[in-house]
Amino acid sequence: MKPHSRSIAMQQPRITGAWRAVGVAVVLGLGLGSGAARAHAGLPETSNVTLRRGHPEDFFVGATFGAVISRDRGQTWRWVCPDAMGYGGWRPESYVWRESGELLAATGNALLRSKDGACSWAAHPAFKDTWVTGLAAHPTDDAVLYVATGRSTAAKNGVFRSEDGGETWRPLPLQREGVLFSSVRVSTAAPGTLYVSASDTTRMYLFRSDDAGETWEELPQVFPELVRPFDFVVTATDPVDPLRVWARVSAQGATHILQSTDGGRTFTARSGAGIDDVFVNMELSADGGTAWVSTYNSFFRSQAGGAFDKLTLPTGNACATRVGDVLYGCGSPWLHDWSLARSTDEGTTWEPLFSLENIQGSHQCPAGTPVRELCPSRWPQLAETIGAPLYPDGVPDAGVPDAGVPDAGVTPPPDGPGDGGTKPPAKSSGCAAAPASTLLPFLFLLPLWRRGRRRVDPRP
């Protein structure tokens with residue numbers, strides 16, 4: 001498949017029969033206990049995008065049904081099933097794709113790694129007793145990585161640093177019992193400056209370090225103008241000024257976007273009365289003058305310190321990733337005809353890159369790897385769901401040649417997992433949808449179901 005060459009400012013929603021079927025399957029699964037739909041509670045959509053550092057031809061797109069990978073600048077796309085990644089119900093929200101080819105993913109539970117271009121995955125044993133809630137890489141040396149943990153208030157959590165690309169991890173002095181660490185960000189303007197958000201049962205915190213994590217300043221956060229604020233998370237650092245940092249906090253059903261110009265000591269709300277939607281992620285332009293916020297349903301932009309305005313696109317499961325002067329955005333294919341697009345004018349117009357029905361089978365991996373062993377048998381179910389051809393090349397096993405795709409910088413062994421980890425169990429994760437003929441009467445539930453997914457205050 002070749003990327004669309006047109007730029008677009010608006011498109012009409014497109015909902016195919018396959019999308020309608022899977023959408024209702026999700027609704028029925030949530031309400032009636034369907035194991036297939038419940039395994040991945042969400043419509044089949046993209047949710048984040050990561051480009052391999054130093055290799056703009058390599059894309060890794062997280063999705064509600066695993067991931068999709070392209071190694072040829074988006075000409076072809078193939079599927080990595082969630083079973084092969086072994087993450088269970090904890091879908092990764094962020095990835096790091098190192099220049100060497102190694103992939104890391106923070107799932108909110110395990111820290112997953114792949115050393116062979118997404119063919120084999122293993123959970124890092126250093127975090128088997130805690131939950132990895134945040135992952136960040138040094139802006140110029142991706143062998144330097146940081147994670148934050150936050151399993152429960154009864155356990156000790158903290159921040160960890162790796163200087164060998166994630167092989168080994170050292171706990172930094174910021175370790176606390178009863179505190180949940182939610183996110184870690186490395187300043188792109190001054191990589192020795194780190195920001196970490198956290199909370200306990202009564203307070204919310206921002207911790208800042210100016211010496212790569214060896215010492216920390218504790219900055220409790222209070223928002224007297226908000227009623228019952230919760231879920232404070234640091235979201236981005238300014239590319240030019242290390243004292244400028246962004247965060248978000250929830251209150252009364254709205255997401256409030258915050259900016260600090262004094263290193264996190266004080267924050268000012270930049271989203272007015274707040275955004276009535278679930279926050280997904282945030283990006284900044286290279287000069288820090290433009291900010292984008294993606295939510296579950298919409299996409300917002302602030303320019304030159306102005307208000308956040310809702311853009312026409314993307315819509316539905318929006319995400320944002322900036323690489324150089326290019327902004328990449330996820331979008332729901334049941335609202336427009338693409339699942340990933342790029343913009344070179346700060347989000348005003350978008351050039352589609354691919355839609356889910358263009359996925360050409362499972363990721364090509366060597367024999368013996370989890371992706372090769374598990375994903376091909378699950379592909380027919382997903383292909384029917386998303387309207388993709390079962391065998392794009394007309395050959396039943398065309399999606400899984402023995403040779404595999406060109407490696408991601410680390411040559412995998414020919415007949416075994418390249419990660420040295422335990423192969424995930426070969427059991428179905430439930431990516432199939434129920435037959436369309438049994439689901440169409442429930443189509444009216446789709447908009448209500450989607451709009452109904454809102455973050456709520458978890459406290460009584």
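Predicted model: local features only at pLDDT ≥ 70, side-chain atom pairs only at ≥ 80, totals over all residues.

Modeller: Leaving aside residues up to four places away in sequence, V80 touches F60, F65, G66, A67, I69, M85, A118, W121, H363, V371 and C375. So what is V80 part of? The largest nonpolar core has 42 residues, and V80 is listed with F60, W121 and I359 as having the most contacts inside it. Helix 4, which covers residues 370-386, gives the most to this core, with 7 residues. Apart from that core lies another one, of 18 residues, including L172, L174, F181 and L194.

Now zoom out for a moment. The protein chain has 460 residues, and 54% of them are buried. Its secondary structure comes to 5 helices and 28 strands. If you take contacts between residues at least 6 apart in sequence, 52% of them join residues at least 24 apart. The accessible surface is about 18,200 Å², with 53% of that belonging to carbon and sulfur atoms.

Next, a few spots in the loops. Most residues other than glycine have a negative phi, and most peptide bonds are trans. With that in mind, look at the loop between strand 24 (309-310) and strand 25 (319-323), where P314 lies. A cis peptide bond joins L313 and P314, with omega at about -5°. N317 is found in the loop between strand 24 and strand 25 too, and its phi is positive, near 55°, although N317 is a residue other than glycine. Is N317 buried or exposed? Its relative accessibility is 7%, so N317 counts as buried, the cut-off being under 20%.

Over in the loop between strand 16 (217-221) and strand 17 (230-237) you'll find R228. R228 is not a glycine either, yet it has a positive phi of about 55°. With a relative accessible area of 41%, R228 is partly exposed.

One last stop is Y296, in the loop between strand 22 (290-295) and strand 23 (299-303). Y296 is buried, with a relative accessible area of 11%. Y296 and C319 are 23 residues apart in sequence, and their C-alpha atoms are 8.4 Å apart in space.

Note on methods: Residues numbered from 1 in each chain as written. Heavy atoms only, no water. Helix = DSSP H or I, 4+ residues; strand = E, 2+ residues; numbered from the N terminus. Buried < 20%, exposed > 50% of the residue type's maximum accessible area, 1.4 Å probe, protein only. Core = buried A, V, L, I, M, F, W, Y, C linked by side-chain atoms within 4.5 Å. Contact = heavy atoms within 4.5 Å. Areas by Shrake-Rupley, 256 points an atom, 1.4 Å probe, with all protein chains shown as cover.
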